[in-house]
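Please read the following report alongside the sequence and the coordinates shown here.

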Amino acid sequence: MAGEPQDDCLFCKIVKGEIPATVVRETETTVAFRDINPQAPTHVLVIPKAHYENAAELAAGAPQLAADVLAETKAVADEEKLDSYRLVFNTGSGAGQTVWHAHAHVLGGRGLQWPPG
């Protein structure tokens, strides 16, 4: 069920502290941690603590929580001293989503070309 922790979800396990992560920020509703396969010098994931499968489900089911995630991406960028950065929400396997828990990628610290990958 949307919003409920999932036993088989990697990110839910990080939220519960069952799997270690390099946490850079945590709020009442979000956790931000370094990506284990960084695609830029700064590559931080910001996730809602509640489980939503993707960004579309999060936006529809919990708009305030979606806003919390976006606010935290800005806080991460500020703490990482990024003058410019990219936010990415992959939604669906065709877009590159591999973990079925909504998350924003904060990428920066180098030039980022367009169009992406």
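Predicted model: local features only at pLDDT ≥ 70, side-chain atom pairs only at ≥ 80, totals over all residues.

Residues are numbered from 1 along each chain as its sequence is written, and side-chain values use heavy atoms, with hydrogens and water left out.

Helices (H or I, at least four residues) and strands (E, at least two) are DSSP runs numbered from the N terminus. Five strands make up an open, antiparallel sheet in the order 1-2-3-5-4, and its edges are strand 1 and strand 4, each of which pairs on one side only; pairing here requires that DSSP finds at least two bridges between two strands. Neighbouring strands of the sheet are turned by 20 degrees against each other on average, direction ignored. Strand 2 and strand 3 run antiparallel and are joined by five bridges, with Ala-32 opposite Val-46 in strand 3.

Helix 3 packs on this sheet, touching strand 1, strand 2, strand 3, strand 4 and strand 5, and its direction makes about 155 degrees with that of strand 3. Contact means heavy atoms within 4.5 Å, and angles, from 0 to 180 degrees, are taken between the N-to-C directions of lines fitted to C-alpha atoms, for helices over the stretch in contact.

| Property of helix 3 | Value |
|---|---|
| Residue range | 63–79 |
| Number of residues | 17 residues |
| Span, first C-alpha to last | 25 Å |

The expected span is 1.5 Å times one less than the number of residues. Helix 3 is followed by Lys-81, whose phi is positive, near 60 degrees.

Thr-42 lies in strand 3 and counts as buried because its relative accessibility is 7%. Leaving aside residues up to four places away in sequence, Thr-42 touches Glu-80, Leu-82, Val-106, Leu-107 and Gly-108.

The largest pocket holds about 710 Å³ of space. Of the 30 residues that line the largest pocket, Asp-35, Gln-39, His-43, Asn-90 and His-105 are the closest to its centre. Helix 1 gives the most to the lining of this pocket, with three residues. A pocket is an open set of points on a 1 Å grid over the protein atoms alone where a 1.4 Å probe fits, with protein on both sides within 12 Å along at least five of seven lines, and lining residues have an atom within 4 Å of a point; points are joined across faces, edges and corners, and the volume is the space filled by probe spheres set on them.

Methods
Buried < 20%, exposed > 50% of the residue type's maximum accessible area, 1.4 Å probe, protein only.
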